[in-house]
Amino acid sequence: MTSPDSGVPRLVIAAPSSGSGKTTVATGLMAALAGRGLAVSPHKVGPDYIDPGYHALATGRVGRNLDAYLCGPELVGPLFLHGARGCDIAVVEGVMGLYDGAAGEGELASTAQVAKLLRAPVVLVVDASSQSRSVAALVHGFVSWDPEVRIGGVILNKVASDRHEVLLREAVDSVGVPVLGVLRRAPQVDVPARHLGLVPVAERGSEAVDAVTAMGAQVAAGCDLAALVRLARAAGPLPGGSAPWTPGPVPTHHPTRSVKKSTPRVAVAGGAAFTFSYAEHSELLAAAGAEVVTFDPLRDEELPEGTAGLVIGGGFPEVYAAELSANEPLRKSVAELALSGAPVAAECAGLLYLCRELDGLPMCGVLDASARMSERLTLGYRDAVAVSDSALAGAGTRMRGHEFHRTVVEPGAGAAPAWGMRAPERRVEGFVERGVHASYLHTHWAAEPGVARRFVERCRTS
């Protein structure tokens, strides 16, 4: 039976290529709609952690990812409905170019695939800075490439002048696609970037608020919001049978267990150094019976009292290496917890934090490995299988993940590796020691809910 929320109005904001202005338009549209009193559900195609932070700032709701590679196409609709429950409209920001997806996998994980799975109309953001009439050929090509993708309108970005706008509108009109917005260059909406993309919201404070406010004002002034809402309402219902994803019911605790053991406290690293986390992970941990508590390794000198398990996700520890190293009390607290055998799940930045050192600065010393910045960017989807039994997964568990880092850990794997990579290259990676599972691989636990349940159960019994 189709969920009553499956007809939530929705739009996908896409572009011919990266750098066209998707994030500015999507975030600005979210802010503009929220400013008009609508409850806006924000979503991002792909594994990106940073854009959802700006989306959350624009809407006041958790930004959520829709990744057909990490979670499978079958979960895209349910995860969308989970995030969009109770909302008036949903805005989905695409990834890369509209038809770009996982390398060598056809349309898998592309914005186009997600738009089709959601039956959502697409608004194409075109960087018009170096063209005029040629924009017609570009738009025509994107409209005709896949008839199942419905491009409902175009937003022209980086338009130079009124005359330039006239030429562009005439060209797009000849294709029969409506122009739903025209945006001039606006430096105040620019977001600073560095080696892994945009600087996260958590690091920018009031500057991020100001940038999102400027994005909202720019979109409100330059786009036809009423037409965009009408287009979103024309999306219609999702495919039959779609129902919201759920992390599962909160379990009933065994009455003979102590509160500490039946409801273990799981500390999750946050703050400016550890901003990469999918909201569903904490939801799954809570549904499995954990009390989830966030702490900031840059500020807190001890783990939360009673911590039975630790999750350290991704982020930018290399940017904050000096501050993390200077917080010696917390480093010792983390090391003591790990050495006790308590479950510790560390991804990417978390892996670096657990190493002996990062760029020559002392870290937690849980792993006999050193980490350093590198000139080489490691980026891409991975098909992986668990090599060793761990607090997260039994040996042989297959999961898909994503790597995104410009650092190197030496050695790259311990005596008991975490993952064996099946594609695109065969290798082992990561560390399983005592209760620790540390790896560069980012995974989405909604694809394998048993990960969270296993982790919480280990917290109860360790």
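**Close-up views of a predicted model**

**View 1. Strand S5 and its neighbours.** Valine 125 stands opposite isoleucine 155 in S6, and six bridges join S5 to strand S6 (residues 151-159), the two running parallel. Three bridges join strand S1 (residues 10-14) to S5, again in parallel, with valine 123 of S5 as the bridge partner of isoleucine 13. Two strands are taken to pair if DSSP finds at least two bridges between them; strands (E, at least two residues) and helices (H or I, at least four) are DSSP runs, numbered from the N terminus. Five of the six residues of strand S5 (residues 122-127) are buried, where buried means under 20% relative accessible area, exposed over 50% and partly exposed in between (1.4 Å probe, protein chains only). The model is predicted, and local features need pLDDT of at least 70, side-chain atom pairs count only at pLDDT 80 or more, and totals for chains, interfaces and linings use all residues. Residues are numbered from 1 along each chain as its sequence is written, and side-chain values use heavy atoms, with hydrogens and water left out.

**View 2. Leucine 156 and the nonpolar cores.** Leaving aside neighbours within four places in sequence, leucine 156 is in contact (heavy atoms within 4.5 Å) with Val126, Val135, Leu168, Arg169, Val172, Val179, Gly181, Val182 and Leu183. Leu156 is also among the residues that touch the most other members of the largest nonpolar core, which has 112 residues; helix H1 (residues 22-35) gives the most to this core, with seven residues. A nonpolar core is a set of buried Ala, Val, Leu, Ile, Met, Phe, Trp, Tyr and Cys residues joined through side-chain atoms within 4.5 Å. A second, separate core of 39 residues includes Ala272, Phe274, Cys348 and Leu358.

**View 3. Leucine 303 in its loop.** Leucine 303 lies in the loop between strand S11 (291-295) and strand S12 (307-312), and counts as buried because its relative accessibility is 11%. Beyond residues up to four places away in sequence, leucine 303 touches Phe295, Leu310, Leu330, Ser333, Val334 and Leu337. Leucine 303 and arginine 331 are 28 residues apart in sequence, and their C-alpha atoms are 9.5 Å apart in space.
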